[in-house]
Amino acid sequence: MLDFFTIFSKGGLVLWCFQGVRGPAAACSAPVNALIRSVLLQERGGSNSFTHDSLTLKYKLDNQFELVFVVGFQKILTLTYVDKLIDDVHKEFRDKYRNEFQQKGTLGLLNGTFDFKEDFLRLLRDAEESSKVRAPTAMKTFEQSAKSQKTVKSMIETRGEKPKEKTKNKKNKGSKKEGAEAAAPPKVAPDVKPDLPVATGDKEELTKDEILQKNREEFFRKRMKGGEKTNKSPKPDASKDKGKKPRVWDLGNSNAKVLDYSNSTTNGNADTCPMEEYDPDMVLGDPDREPGHLRDLEYESEEEIEEEKEVHSSSSASVKKGGLGGMFGMLKGLVGSKNLTREDMDPVLEKMKDHLIAKNVAADIAVQLCESVAKKLEGKVMGTFTTVTSTVKQALQESLVQILQPQRRVDVLRDVMDAQRHRRPYVITFCGVNGVGKSTNLAKISFWLIENGFSVLIAACDTFRAGAVEQLRTHTRRLNALHPPETHSGRTMVQLYEKGYGKDAAGIAMEAIAYARNQGFEVVLVDTAGRMQDNAPLMTALAKLIAVNTPDLVLFVGEALVGNEAVDQLVKFNKALADHSMAQTPRLIDGIVLTKFDTIDDKVGAAISMTYITSKPIVFVGTGQTYCDLRSLNAKAVVAALMKA
């Protein structure tokens, strides 16, 4: 049973609606609005189904008249006729009101009356009846079966013949000749003896068990001979030590307390992070930077402009030189006011899909993107001087820009100032797999926040990796050297809160947040240990840290070098956070930090994969090794790099 069926324009005007279940109008509007926000506006039309709470929605787009057909039903039901119904309704509605759409246009939608209930109920009955009246699958007759092809002679077995066929198959296993013989029906008469090499005696008189016993004895005899040969070979001098001994270094020490250089009693003391000498060019990088300003990601597009100029100049020269021939060559491939079909777009979409995969976009997401573009363009009327390739490319660019600008925009500075008004610290938690640059980019974000006038407390919650606390202590010393207390009215702008190794990360984060609230720090940055998405104990610990401390922002740190792995990491991180959280609405990833962006040239597909799979924005982009190498995402620059040939 259907809950509702609605037809509306892409501008948001509802033309007709059918509600199959009694209830308020919000029961129909809420899931449709969720479909518009999450799928249609976000260019995620790769699949024609969408799930919202307990409902499953299926939709169909009419790109010629800019219409959307949506049907909703309970997801526990398996309605096989829904696809046929939505196709029939789409065709019937178009044919019935085609003239009204073509002659009046938008005014026809505003002033038109669409009486479609009787037609819809008729189509619904037909679809339900067609799903019920299905002819049962007919059984095969004896003549159609493989058994009917066998002759009586081929089914007669004689003693001694079957074991010979098996031994023959064993000897000729893997050969093409044996495969052909096994596939063909046996044509040899039972009284004709097959030409087999007889090794010992009259083997045809032996029974099946005797042949198997002789084969076993021969096999073990060969194995024993091989073992004797290997035993006769000279033995290498075996070491007398059975186990591997650990190497002892000159300065080594087995006592963990001696190796632990962290000091839990020095939190909040500025003397523990003394200032050090530094090279400004090495630490800051860009000398012409604007303090506190996060620049957009740039992309070198000057080469493309020069290439376009060269192409235009060469094409104009060829037109002048070739006369009519050049003009006809230029008009080749143009489409003259026709509706785009799937067959027109398939070759172009296949090339686009391969291009996206080559640029590091995950394969599944590349397929879904091309499918979404095909549904968006199918049936659309083309202009006179427009090629299919340029139309598909433009639609794909618009979809990619829309994907990189997700629903929620994260403005860290605005949120920090809002937390200041409530007199509490703004907490950011960093998570991700091993070696992606969490601590390094945490230090970059600390530097950016300090330059905007906010004091930062770094919580060292990576109590697992050796050297993690020392790395953050080094960053704290350098940040204090770049922004000494003298330039900020005697206030230390960055401090490190650490409790050493082997402690509970969630407890350290809770203590750090309480310390920041008491000492007046505006921002707390929580560094966590790197963990693989398949490590259940570590994922449980991360979910506990987030559930207990409820940070304002959870950032996933991922590197731009990954392809399909980006999808796997984000899906499993979100799933683990949802599974291991005790809350009714679990806290998931809020944003992404994309690192090592300076190492990939124009293979920027990981940005598309991560944003598409999570619908979360890329908040920061790491582009180098200095504190100033932090950028905000420029969607158009990323798409330009992605579409570059």
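1. Phe5, Trp16, Phe18, Phe69, Phe93, Tyr97, Phe114, Phe116 and Phe120 make up one aromatic cluster. The model is predicted, and the count of aromatic pairs in it comes to 15.

2. Two members of that cluster, Tyr97 and Phe114, have ring centres 4.9 Å apart and planes at 75 degrees; planes over 60 degrees apart count as edge-to-face, so this pair is edge-to-face. Tyr97 belongs to helix 2 (residues 82-104), while Phe114 sits in the loop between helix 3 (106-111) and helix 4 (117-132), so the pair ties together parts 17 residues apart in sequence. Tyr97 is buried, at 7% relative accessible area, and Phe114 is buried too, at 9%.

3. Phe447 and Tyr627 form a stacked aromatic pair, with 5.8 Å from centre to centre and 25 degrees between the planes. Phe447 is in helix 16 (residues 438-451) and Tyr627 in the loop between strand 14 (618-622) and strand 15 (630-631), so this pair ties together parts that are 180 residues apart in sequence. Phe447 is buried, with 3% relative accessibility; Tyr627 is buried at 8%.

4. Helix 12 (residues 342-358) and helix 14 (residues 388-403) have axes that come within 10 Å and cross at roughly 50 degrees. Helix 12 is therefore oblique to helix 14. Their crossing is right-handed.

5. On the helix 12 side of this contact are Asp344, Met345, Val348, Leu349, Met352 and Leu356; they meet Val388, Thr389, Val392, Lys393 and Leu396 of helix 14. The contact residues divide into eight nonpolar, one polar and two charged.

Key:
Residues numbered from 1 in each chain as written. Predicted model: local features only at pLDDT ≥ 70, side-chain atom pairs only at ≥ 80, totals over all residues. Heavy atoms only, no water. Axes fitted to C-alpha atoms, helices over the stretch in contact; angles between N-to-C directions. Helix = DSSP H or I, 4+ residues; strand = E, 2+ residues; numbered from the N terminus. Parallel < 35°, antiparallel > 145°, perpendicular 65-115°, else oblique. Left-handed = near helix turned anticlockwise from the far one by under 90°. Contact = heavy atoms within 4.5 Å. Nonpolar A, V, L, I, M, F, W, Y, C, P; charged D, E, K, R; others polar. Phe/Tyr/Trp six-rings, centres within 6.5 Å; stacked < 30°, edge-to-face > 60°. Buried < 20%, exposed > 50% of the residue type's maximum accessible area, 1.4 Å probe, protein only.
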